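Thank you all for coming. I would like to go through one model with you, beginning with a single residue and then widening the view.

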Amino acid sequence: MRERRGQARRRHSEAEGQRERREGSGKERSAGRSRRRLDVPRVPRRRLVPDYDPESFGRASERIARFLGTGRFIVWMTVVIIVWVVWNVAAPDGLRFDNYPFIFLTLMLSLQASYAAPLILLAQNRQDDRDRVNLEQDRKQNKRSIADTEYLSREMASLRMGLGEVATRDWIRSELQDLMRDLEERGAIEERVAQETERERR
């Protein structure tokens with residue numbers, strides 16, 4: 001009877017364990033549907049804006065801004081505009097591509113200006129960020145140097161105070177001289193006492 005009861009209890013507990021496992025797996029599946037797992041990388045979504053490297057774009061904008069701020073760019077731009085105007089004025093009618101009002105030239109110059117201004121601003125912002133980082137590093141370095149100088153000044157003061165209590169060579173000499181005088185005086189006193197005792201014995 002006891003064995004049968006034990007077997008029935010084991011079967012009942014095993015059945016309950018299987019039922020709990022099934023319910024747990026069903027809950028995990030439903031939770032997996034509602035929320036994503038953190039150990040699985042997310043699938044990249046499609047973006048309307050193309051991906052680009054901001055650092056490389058910033059470096060390119062700095063190079064362009066540096067070139068726009070040189071005399072070479074001004075000379076080349078002046079040469080191009082002069083050639084453009086002369087060609088469209090002096091060339092035969094069939095070879096002209098931009099007649100007198102030079103609308104296409106105006107469009108190209110405005111397009112170049114509309115791109116140059118944001119690129120220059122981007123380069124200036126990057127330079128401001130670098131200056132800010134350098135300034136913060138300089139401040140930290142100054143704080144460290146001030147702390148180091150304060151520490152060294154405290155150590156020097158403590159060394160001076162310690163040296164004030166250390167026996168110097170002159171002080172030791174004076175102390176030895178005083179001891180020698182005391183010993184000489186005691187020796188002289190002992191000699192006198194010995195002479196007086198000898199006289200009394202006689």
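Leaving aside its neighbours within four places in sequence, which residues is serine 61 in contact with? Please keep in mind, as we go, that this is a predicted model. The residues in contact with serine 61, once those sequence neighbours are set aside, are Leu119, Leu122 and Ala123. Serine 61 itself is found in helix α2, which covers residues 54-68, and it counts as buried because its relative accessible area is 1%, where the cut-off for buried is under 20%.

Let me turn now to helix α3. This helix takes in residues 71-90, 20 residues in total, and from its first C-alpha to its last it reaches 28 Å, which is close to the 28 Å expected at 1.5 Å a residue. Within α3, the residues Phe73, Trp84 and Asn88 are buried. They lie on the same side of α3 because they cover an arc of only 15° around the axis. On the other side of α3 we find Arg72, Ile74, Val75, Val83 and Ala90, which are exposed.

Finally, the chain as a whole. Its secondary structure comes to five helices and zero strands, so that the order from the N terminus on reads α-α-α-α-α. Of its 202 residues, 8% count as buried, and the accessible surface comes to about 19300 Å², with 56% of that belonging to carbon and sulfur atoms. As for the contacts in the chain with a separation of 6 or more, 55% are accounted for by residues 24 or more positions apart.

Key: Residues are numbered from 1 along each chain as its sequence is written. This is a predicted model: local features need pLDDT of at least 70, side-chain atom pairs count only at pLDDT 80 or more; totals for chains, interfaces and linings use all residues. Side-chain values use heavy atoms; hydrogens and water are left out. Helices (H or I, at least four residues) and strands (E, at least two) are DSSP runs, numbered from the N terminus. The expected span of a helix is 1.5 Å times one less than its number of residues. Buried means under 20% relative accessible area, exposed over 50%, partly exposed in between (1.4 Å probe, protein chains only). The arc is that of the directions from the helix axis to the C-beta atoms. Contact means heavy atoms within 4.5 Å. Accessible areas come from the Shrake-Rupley method with a 1.4 Å probe; for residues, only the protein chains shown count as cover.
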